[in-house]
Amino acid sequence: MSDRRKFFGRALGAFAGLGALGALYAAKRTWDPLPSVSAAGFTTVDLSQAQDNVLYTEMWRGKPVFILKVSKSDKAYSDKRLINVGGDKFFIAIGLCTHLGCIPEYFPDEHKFICACHGGQFDAAGEVLKAPPPSPLVIPPFKIDGKKVVLGEEGPEYKKLKDAGLVA
Ligand code: FES
């Protein structure tokens, strides 16, 4: 093999390696859990370290739960489904598409979730942007405790959303 071909082969290998690392880093950022404790059907998640526009996924009763600190610049920032925790606004929802239950992926640059199964889309507050999902992503029962959220317990903030018909 000529030196030139070897050089291009190595350069291509290095480039592919960097791409794989980048993909791994992006996946880790998406799935990095926040500090949490689970007991007796409740999962307590500390939101104090959450970063703007980074999706965190926690497991609660065998289901993924999305937690997203919504940026002030996001169009969804004023949505009534967002939860105020210590002055910051969070989107918290079960991470299963309301069409047929696939797990949508979050695209931070576009501030939206896209479901790969049939192309459904949701904004950063879980509202449907594009069918076929028939309804917004579902907000699970939760209670706010300082800078923490307890998944599985119906706190006053959850009851307020429920009374307004916004939890499903
Ligand atoms: S399951 Fe998500 S669009 Fe069909």
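Predicted model: local features only at pLDDT ≥ 70, side-chain atom pairs only at ≥ 80, totals over all residues.
**Exercise 1. Which residue in β4 is the bridge partner of Thr57?**

- Step 1: β3 and strand β4 (residues 63–69) run antiparallel and are joined by six bridges.
- Step 2: Within β4, Phe66 is the residue that bridges to Thr57.

**Exercise 2. Work out in what order the strands of the sheet containing β3 lie, and why one side of each edge strand is left without a neighbour.**

- Step 1: This open sheet has four strands, ordered β3-β4-β6-β5, and their pairing is antiparallel.
- Step 2: At the edges stand β3 (55–60) and β5 (83–85). Each has a single partner strand, so one of its sides has no neighbour in the sheet.
- Step 3: On average, neighbouring strands here are turned by 35° against each other, direction ignored.

**Exercise 3. Now find the order and the edge strands of the sheet that contains β1.**

- Step 1: Read the order as β1-β2-β12-β11, an open sheet of four strands with antiparallel pairing.
- Step 2: The edge strands, pairing on one side only, are β1 (36–39) and β11 (142–145).

**Exercise 4. Find where the pLDDT is below 50.**

- Step 1: Start with the whole chain: its mean pLDDT is 86, and 81% of residues reach 70 or more.
- Step 2: The stretch to pick out is residues 15–29, with pLDDT below 50. Beyond near neighbours in sequence, this stretch has one contact in the model.

Definitions and conventions: Residues numbered from 1 in each chain as written. Pairing = 2+ DSSP bridges. Helix = DSSP H or I, 4+ residues; strand = E, 2+ residues; numbered from the N terminus. pLDDT = per-residue confidence, 0-100. Contact = placed C-beta atoms within 7 Å. Axes fitted to C-alpha atoms, helices over the stretch in contact; angles between N-to-C directions.
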